[in-house]
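Have the structure open beside you as you read.

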Amino acid sequence: MQGLGELESAVMDVLWRDDRDRTVRDVLDELAPERDLAYTTVMTVLDNLHRKEWVERTKVSRAFHYRAVLSRAEAAARALRAVLDSTGDPEGVLLHFAQSATEEEAAMLRKALRKRK
């Protein structure tokens with residue numbers, strides 16, 4: 001995901017898997033089979049994601065519980081918007097994208113544009 005490092009992306013993947021609030025320990029346990037991470041590393045990553053406004057947190061007893069602010073689809077749309085805004089030629093980018101879209105993707109775009117009206 002644009003704007004996130006590799007570990008931040010992995011943590012967001014954990015948060016996006018389901019809708020439950022997660023503690024640092026929950027996230028660490030899910031990442032443990034794939035990575036050798038310290039509790040404090042995951043805590044720092046979640047704190048950074050909170051600062052960047054990717055996650056919100058609620059204090060429950062002595063621990064914070066974290067939840068993604070945006071869904072995966074909303075975050076991807078935000079990243080696409082940032083790419084379009086940074087190009088200097090959003091029309092050209094959109095035209096090239098439309099030409100590369102599969103029939104199924106083109107149908108989804110047409111449906112979304114009809115809903116917008």
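A salt bridge here is a side-chain nitrogen of Lys or Arg within 4 Å of a carboxyl oxygen of Asp or Glu. With that in mind, the search of the whole structure, which is a predicted model, turns up 11 salt bridges.

**Lys-52 and Glu-8**
- The closest N and O atoms of Lys-52 and Glu-8 are 2.9 Å apart, and the two residues form a salt bridge.
- This pair links distant parts of the chain, 44 residues apart: Glu-8 belongs to helix α1 (residues 6–17), while Lys-52 sits in the loop between α3 (39–51) and β1 (55–60).
- Glu-8 has a relative accessible area of 10%, so this residue is buried.
- Lys-52 reaches 33% relative accessibility and therefore counts as partly exposed.

**Arg-67 and Asp-19**
- Arg-67 and Asp-19 form a salt bridge in which the closest N and O atoms are 3.4 Å apart.
- Because Arg-67 lies in strand β2 (residues 63–68) and Asp-19 in the loop between α1 and α2 (24–31), the pair ties together parts that are 48 residues apart in sequence.
- Asp-19 is exposed, as its relative accessible area is 64%.
- Arg-67, at 28% relative accessibility, counts as partly exposed.

**Asp-47 and Arg-57**
- Another salt bridge joins Asp-47 to Arg-57, with 2.8 Å between the closest N and O atoms.
- Helix α3 holds Asp-47 and strand β1 holds Arg-57, so to find the link you can follow the chain across 10 residues, between parts described as distant.
- Both partners are partly exposed: Asp-47 has a relative accessible area of 35%, and Arg-57 has one of 27%.

**A salt-bridge network**
- Salt bridges also connect Arg-17, Asp-18, Arg-20, Arg-22 and Glu-30 into a network.

**A positive surface patch**
- On the surface, Arg-110, Lys-111, Arg-114, Lys-115 and Lys-117 gather in a patch of positive charge.
- Residues in such a patch have over 30% relative accessible area and no salt bridge.
- One of the patch members, Lys-117, is found in the segment after α6 (103–116).
- Is Lys-117 buried or exposed? At 87% relative accessibility, Lys-117 counts as exposed, since the cut-off for exposed is over 50%.

How values were computed. Residues numbered from 1 in each chain as written. Predicted model: local features only at pLDDT ≥ 70, side-chain atom pairs only at ≥ 80, totals over all residues. Heavy atoms only, no water. Helix = DSSP H or I, 4+ residues; strand = E, 2+ residues; numbered from the N terminus. Buried < 20%, exposed > 50% of the residue type's maximum accessible area, 1.4 Å probe, protein only. Patch = residues over 30% accessible without salt bridge, like charges linked within 9 Å, V, L, I, M, F, W, Y side chains within 5 Å. Areas by Shrake-Rupley, 256 points an atom, 1.4 Å probe, with all protein chains shown as cover. Lys, Arg positive; Asp, Glu negative; His and termini not counted. Charge placed at Lys NZ, Arg CZ, Asp CG, Glu CD.
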